[in-house]
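This report is meant for a reader who meets the structure for the first time. Please look over the sequence and the coordinates before reading on.

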Protein chains: 2
Amino acid sequence: MIAAYQEALKAFKEDEVPVGCVIVKDDKIIARAHNRKEKKNCAIYHAEIECMIKAARKLNNWNMTGCDLYVTLEPCMMCTGAIVNSRIDNIVFGCRDPKGGALVSNVEFKRIEGLNHYPGIEGGVMEEECSQILKTFFRNKR
Amino acid sequence: MIAAYQEALKAFKEDEVPVGCVIVKDDKIIARAHNRKEKKNCAIYHAEIECMIKAARKLNNWNMTGCDLYVTLEPCMMCTGAIVNSRIDNIVFGCRDPKGGALVSNVEFKRIEGLNHYPGIEGGVMEEECSQILKTFFRNKR
């Protein structure tokens, strides 16, 4: 999560909502990304999506069984769906997103039935830091 | 939907699950795409995602207010989330996806509360054609 947080710091410096993500396989980080929605001017480029695109390229495989995804903010519906589609083993997130979070906050992912794949979910890792950087970002925006 | 179906035909010819998508603004098609998951070896590249990436580039805007998205198959959770994030006005789909559909089938999108945006939803347009091309594809795979 430290590496994901470092990615969030990059987003902060680029004036993007500070969310960072890494994907780990066999104890090694295989992809790193941060939110680039504003730079790309496209709502698809959340940290998780770009990280999965990079990881798939590296693995040369859409199927990320054996990989874990670390992200500083609870994923939204788009990113949660992409994680399911990519068959990622586990999601570890920093702080919750009460409004858009699709794992435990706004949508309770585990209550959706009939999906192809259910990753493990762990939240609250480096919660204070991951939350604080977002608060600072939005305070500066006001 | 005819144009979206033509995109699905392209996917079929490329041995991809035949799903096609177009985005329309002011009665003009501004982006076309088809599923390229296998070619890109990445589960992110559903027809809808690539179509939204293309449309955002064309509009130079992540916010697709005023745009409608036509897709031959009911979108999955990832694509539905991306449509919400991109603020697309309306989704028109061909046939339902009983297993992965996140609008009306497996997930009932309208019952999720608290999202930033709720696009209009219309299903069943060219349903028979959109369904048949998928059936033929999967029959050939057996």
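This is a predicted model: local features need pLDDT of at least 70, side-chain atom pairs count only at pLDDT 80 or more; totals for chains, interfaces and linings use all residues.

On the side of chain A that touches chain B, the elements that give two or more residues are α2, α3 and α4 of chain A, and α4(A) gives the most, with 6 residues.

| Element of chain A | Residues |
|---|---|
| α2(A) | 37-40 |
| α3(A) | 47-59 |
| α4(A) | 77-85 |

The contact draws 32 residues from chain A and 32 residues from chain B, and together the chains bury about 2,700 Å², of which 62% lies on carbon and sulfur atoms. Of the area that chain A buries against chain B, 25% is supplied by Asn41(A), Trp62(A) and Met77(A), more than by any other three residues.

A helix of chain A can be described in similar detail. Helix α5(A), residues 127-141, has 15 residues and reaches 22 Å from its first C-alpha to its last, close to the 21 Å expected at 1.5 Å a residue. Within α5(A), Cys130(A), Ser131(A), Ile133(A), Leu134(A) and Phe137(A) are buried; they lie on the same side of α5(A), because they cover an arc of only 160° around the axis. What covers these buried residues includes α1 (2-13), β3 (67-73) and β4 (90-95) of chain A, while the face of α5(A) turned away from its buried side carries the exposed residues Glu128(A) and Asn140(A).

How values were computed:
Residues are numbered from 1 along each chain as its sequence is written. Chains are lettered from A and ligands numbered from 1 in the order in which they are written. Side-chain values use heavy atoms; hydrogens and water are left out. Helices (H or I, at least four residues) and strands (E, at least two) are DSSP runs, numbered from the N terminus. The expected span of a helix is 1.5 Å times one less than its number of residues. Buried means under 20% relative accessible area, exposed over 50%, partly exposed in between (1.4 Å probe, protein chains only). The arc is that of the directions from the helix axis to the C-beta atoms. Contact means heavy atoms within 4.5 Å. Buried area is the accessible area (1.4 Å probe) that two parts lose on being put together, summed over both.
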